[in-house]
Amino acid sequence: MNATVPNNAPQSLLSIDESRFALAHERDCARIYRLILGGQAHSRPEIGRILGLRSTSVSRVVGDLLARRLVLETVGEASGRGRPPAILLAHGRRIGASVIYVSSQSLSGALVDLNGHIVAERRTAIESEADNDTIAAAMADLARDLLDAMPPGMGHAGTAVSLSGLIDLKRGQWLMASRWPRMRGLDIGAVLAPVAGPVEICRNLDAELRARAAREPDQFSGGTLLLHWGWGVGLAYAVDGEPFAPAGSFGEIGHWRLAALSNRSCGCGNTGCLETGAALWSLLPALRRHWPDLDQDETRLARQLAGLDLLALPQVEMATELVARALANACRLLFPARIAVSGPFSANPQLWARFNSLFRAEGTMDGFAMPDLAGLRASQLYEIHGAAAPLLSRAAEALLAEQS
Ligand SMILES: [Zn+2]
C-alpha cells in the first residue's frame with residue numbers, strides 16, 4: 001500500500017485550459033487566476049514579477065477577478081511601517097458541483113467546492129428490485145437536495161453522475177448495473193437536466209483514475225491501468241491521467257466469460273463471467289458463512305478483510321487466480337507501465353502477496369517489462385473529485401471569459 005488518501009490541504013480541482021480563450025485579456029485572467037489558485041502568488045507585485053507584466057495590467061486583471069469573486073482580497077499583517085499588503089486568495093466556494101454516485105446499495109450525493117471540500121452530503125438506499133422510475137425519482141430528489149444546500153454566493157456548475165456498470169456516454173444513458181438488475185437504459189440527462197443541469201455522466205473508475213492522476217501526476221504518468229476488484233470487477237485505462245473511454249463502456253473484464261465458471265449466471269444476462277467467481281457480490285455468501293458480520297460497503301469491508309485468513313477459502317484462492325490471469329491478459333491488450341488495484345480484497349496482505357506472485361507468474365512477453373503493481377487504499381473522495389472536476393473547470397472558464 002503506497003498510495004495516500006486525499007488529505008485536507010486545499011488543492012484546487014480545476015484544470016484551466018488557457019488555449020480555450022480567444023482574447024489576450026481572458027488569457028491573462030486565466031493565467032493570473034491559476035497562479036493565485038495554486039498558491040504561487042499572493043499579491044499584485046508577485047504576479048507582475050512571475051509573469052513579467054506591468055503593474056497596471058496586473059491591477060486591471062486582478063480587478064476583474066475580484067469583481068467576479070473568483071478571487072478574494074484580505075489585508076495581511078503590516079511589517080514595519082507603511083500600509084499592510086493586500087493578500088489575494090482564490091475563493092474556494094465561488095463554484096460548487098453536485099456529484100451523484102453509487103455507494104453499496106445506495107445512491108449518494110455530494111456538493112463539492114473548487115477545493116474538493118464536501119459542502120453537503122446525501123444518501124438514499126435503493127432496493128435491488130428498483131426499476132427505472134424509482135431510480136430516476138431518487139436521483140432527481142438527490143440533485144434537488146444538493147442544489148438546496150448551496151451556500152449563499154456559490155454558483156452551481158451542474159450535476160456529474162458517476163456510474164458503475166455499462167454506460168452510453170454519447171446518449172447519456174445508464175445501460176445496466178449489477179446492483180439494480182431491473183434498471184435498463186436510464187436516460188440520466190432527461191432526468192436531471194431540468195432539475196440541476198448541465199449534466200455530465202462518467203464511469204466511476206475513470207473519475208477515480210482522473211483524480212488520482214491529478215493529485216499524484218508522477219505516480220500516474222504514461223499508461224496506467226486501474227483495476228477495481230470489489231462488488232464488481234472492472235478496469236479503467238489512462239494515459240498521463242486522461243481516461244480512455246471513447247463511448248463510455250470500457251474495460252468490463254468482470255464480464256469476460258471463462259470456461260472455469262461455465263454455468264454460473266451473471267446479472268448481465270450471460271453465464272460464466274469473471275464476476276460470477278471473483279466479484280464481491282458472488283463471493284459474499286461464502287465469506288459470510290465464515291464471517292457473518294461482513295459488511296457489503298467496500299470501505300468498511302476493506303478494514304474487516306485486512307485481518308482474515310481469506311486464502312483458506314478455496315473460492316477466494318480461485319478468485320485470486322482468475323483475476324490475476326484476467327489482468328495479465330488485459331496487459332497484453334493495453335501494455336500499461338503501471339497497474340493500480342483498488343477494492344477491499346487488495347487490503348488483505350496475504351491475498352495481495354498471492355495475487356502479486358500469481359500475476360508475475362502469468363508473466364509478460366519477452367522484451368516487455370513487467371508493469372508496476374500497487375494496491376490503493378479505497379476512498380470514494382477520488383471518484384467524487386474526478387467526476388466534479390470537468391464541470392467545475394468549465395464553469396470557472398465561463399466566469400473567466402465573461403465580458404466585464
Ligand atoms: Zn456478466
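Start by selecting Asp240, found in the loop between β12 (233-239) and β13 (242-243). Helices and strands here are DSSP runs numbered from the N terminus: H or I of at least four residues for helices, E of at least two for strands. The model is predicted: local features need pLDDT of at least 70, side-chain atom pairs count only at pLDDT 80 or more, and totals for chains, interfaces and linings use all residues. Residue numbers run from 1 along each chain as its sequence is written.

**Two positive phi angles.** Asp240 has a positive phi of about 50° although it is not a glycine. Most residues other than glycine have a negative phi. Asp240 is exposed, because 11 other C-beta atoms lie within 10 Å. The classes rest on C-beta atoms placed from the backbone: a residue is buried if 20 or more others lie within 10 Å of its own, exposed if 12 or fewer, and partly exposed in between.

Next select Phe335, in the loop between α10 (314-334) and β14. Phe335 is also not a glycine, and its phi is positive at about 45°. Is Phe335 buried, exposed or partly exposed? It counts as partly exposed, with 14 C-beta neighbours inside 10 Å.

**Strand β14 and its partners.** Move on to β14 (residues 338-342), where 4 of the 5 residues are buried. On pairing, the rule is that DSSP must find at least two bridges between two strands. β14 pairs with strand β11 (residues 223-229) in the parallel sense over 5 bridges; show Leu227 with its bridge partner Val341 in β14. Strand β15 (residues 372-375) also runs parallel to β14, joined by 4 bridges. Here, show Ile339 opposite Leu373 in β15.

**Domains.** Colour the protein by its domain assignment, whose bounds come from an automatic or database source: domain 1 (18-90), domain 2 (95-207 + 381-401) and domain 3 (217-378). Over C-alpha atoms, the centres of domain 1 and domain 3 are 47 Å apart.

**The five-stranded sheet.** Which strands make up the open sheet of mixed pairing? In order, they are β5-β4-β3-β6-β10. β5 (118-125) and β10 (199-203) are the edge strands, each pairing on one side only. The twist averages 20° from one strand to the next; axes are lines fitted to C-alpha atoms, for helices over the stretch in contact, and angles run from 0 to 180 degrees between N-to-C directions. Strand β4 (residues 106-113) and β5 are antiparallel over 7 bridges, and Leu107 has Thr124 of β5 as its bridge partner.

Contact here requires C-beta atoms, placed from the backbone, within 7 Å. Within α5, select Ala190. Ala190 is exposed, because 12 other C-beta atoms lie within 10 Å. Ala190 and Ala136 are 54 residues apart in sequence, and their C-alpha atoms are 9.5 Å apart.

Follow the chain into the loop between α5 and β10 to find Pro198. A cis peptide bond joins Gly197 and Pro198, with omega about -5°. Most peptide bonds are trans.

**The three-stranded sheet.** Select β7, β8 and β9, an open antiparallel sheet in that order. β7 (166-168) and β9 (186-187) each have a single partner strand, so one side of each is left without a neighbour in the sheet. β7 and strand β8 (residues 173-176) share 3 bridges, and Asp168 has Gln173 of β8 as its bridge partner.

Go to α1 (residues 24-37). Its end C-alpha atoms are 20 Å apart, which agrees with the 20 Å that 14 residues should span at 1.5 Å a residue; the expected span is 1.5 Å times one less than the number of residues. Buried residues of α1 include Cys29, Ile32, Tyr33 and Leu37. The buried residues of α1 pack against α2 (44-51), α3 (55-67), β1 (71-75), β2 (86-90) and α12. After α1 comes Gly39, with a positive phi near 75°.

Ala22, in the segment before α1, lies 379 residues from Ala401 in sequence but 8.8 Å from it in space, C-alpha to C-alpha. Finish on α12 (residues 380-401), which has 22 residues, 16 of them buried. α12 bends by about 35° at Ala389, and Pro390 follows within four residues; the bend is the angle between axes fitted to the seven residues ending at a residue and the seven starting there.

Definitions and conventions:
Contact = placed C-beta atoms within 7 Å.
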